[in-house]
Amino acid sequence: MAIDKIQSESINLADTFAFTGTVTGAGGTTAPYVCVGLSSDQGLSDNTVAKVTFDSEIVDSNNKFASNRFTPTVSGKYYVDCNLTFETDVRLRFSEITVYIYKNGSAVIQTFSAPENNAYEKEGYTQNVSGIVDCDTDDYIEIYAKVNTTANTPNIAGGSNLSCLTIFKMTE
């Protein structure tokens with residue numbers, strides 16, 4: 001006997017159900033998704049906005065990451081999270097750090113820190129930026145960074161996933 005409609009009052013949601021046939025409308029997918037890092041350090045110039053050149057794919061579900069940008073080709077809301085670690089071989093002194101999420105060539109989300117007169121050893125300083133970006137099929141997402149230092153312009157640390165970018169489609 002086929003059942004076309006089940007009344008919510010007649011179901012015990014604690015039960016386990018074994019379905020045969022096709023079930024539609026259940027769950028969702030977070031694809032496409034990507035997680036990328038830097039295989040080596042990326043140099044920066046003081047007080048200059050620079051595109052972060054992620055070159056190490058950890059996972060790329062649908063080959064949507066190319067030319068240092070993520071192009072979803074699937075419309076939806078995407079969660080974007082990026083951690084960048086800034087370091088040098090000598091003590092760092094930052095006056096400003098800004099990390100940007102760009103969509104189609106323009107900043108849409110940014111974080112700003114002003115750790116004035118703080119010194120960090122080689123371990124460096126990590127800055128995060130994250131947010132939800134609404135994308136159409138042909139939009140693209142990139143990450144940019146700017147540091148303003150009082151001494152010793154840092155690199156963005158690569159290797160061992162010290163700096164990484166994760167993007168995934170949110171289900172609705």
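This is a predicted model: local features need pLDDT of at least 70, side-chain atom pairs count only at pLDDT 80 or more; totals for chains, interfaces and linings use all residues.
Visitor: What share of the contacts with a separation of 6 or more comes from residues 24 or more positions apart?
Guide: Those pairs account for 76% of such contacts in the protein chain.

Visitor: Let's do charges. How many salt bridges does a search of the whole structure find?
Guide: The search finds four. One of them joins the side chains of Glu142 and Lys51, at 2.7 Å from N to O. That pair links distant parts of the chain, with Glu142 in strand β12 (residues 141-151) and Lys51 in strand β3 (residues 50-51), 91 residues apart.

Visitor: Nice. Is Glu142 buried or exposed?
Guide: Glu142 is buried, because its relative accessible area is 5% and the cut-off for buried is under 20%. Lys51, at 24% relative accessibility, counts as partly exposed.

Visitor: Which Arg forms a salt bridge with Glu142?
Guide: That is Arg69, and the closest N and O atoms of the pair are 3.6 Å apart. Arg69 counts as partly exposed, at 28% relative accessibility. Taken together, Lys51, Arg69 and Glu142 are linked in a network of salt bridges.

Visitor: Which ring does the charged end of Arg69 sit over?
Guide: The ring of Tyr140, with the charged end 3.6 Å from the ring centre.

Visitor: Got it. Back to the salt bridges: what does Lys103 pair with?
Guide: Lys103 forms a salt bridge with Asp139, where the closest N and O atoms are 3.7 Å apart. This pair also links distant parts of the chain: Lys103 is in strand β8 (residues 92-103), while Asp139 is in the loop between β11 (125-135) and β12, 36 residues apart. Lys103 is partly exposed at 23% relative accessibility, whereas Asp139 is buried at 7%.

Visitor: Switching to rings. How many aromatic pairs does the search find?
Guide: A search of the whole structure finds four aromatic pairs. In one of them, the rings of Phe70 and Tyr78 have centres 5.7 Å apart and planes at 65°, so that pair is edge-to-face. Both Phe70 and Tyr78 are buried.

Visitor: Why is the pair of Tyr79 and Phe168 tilted?
Guide: The planes of the Tyr79 and Phe168 rings are at 40°, so the pair is tilted; the ring centres are 5.5 Å apart. This pair links distant parts of the chain, Tyr79 being in strand β7 (residues 76-87) and Phe168 in strand β14 (residues 164-169), 89 residues apart. Tyr79 is partly exposed, with 28% relative accessibility, and Phe168 is partly exposed too, with a relative accessible area of 30%.

Visitor: Which residues form an aromatic cluster?
Guide: Tyr100, Tyr102 and Tyr144 form one aromatic cluster.

Visitor: Last topic, the nonpolar core. Which residues in the largest one touch the most other members?
Guide: That core has 29 residues, and Phe54, Leu84, Phe86, Ile143 and Leu165 touch the most other members. At least two core residues come from each of β1 (33-37), β7, β8, β11, β12 and β14. The largest share, five residues, comes from β7.

Visitor: What is Phe54 in contact with, leaving aside its neighbours within four places in sequence?
Guide: Its contacts include Val36, Leu38, Phe65, Cys82, Leu84, Ile143 and Leu165. Also among the contacts of Phe54 are Gly37, Asn68, Ser163 and Cys164.

How values were computed. Residues are numbered from 1 along each chain as its sequence is written. Side-chain values use heavy atoms; hydrogens and water are left out. Helices (H or I, at least four residues) and strands (E, at least two) are DSSP runs, numbered from the N terminus. Buried means under 20% relative accessible area, exposed over 50%, partly exposed in between (1.4 Å probe, protein chains only). Rings of Phe, Tyr and Trp (its six-membered ring) pair if their centres lie within 6.5 Å; planes under 30 degrees apart count as stacked, over 60 as edge-to-face and the rest as tilted. A charge sits over a ring if NZ of Lys or CZ of Arg is within 6 Å of the ring centre and within 35 degrees of the ring normal. A nonpolar core is a set of buried Ala, Val, Leu, Ile, Met, Phe, Trp, Tyr and Cys residues joined through side-chain atoms within 4.5 Å. Contact means heavy atoms within 4.5 Å.
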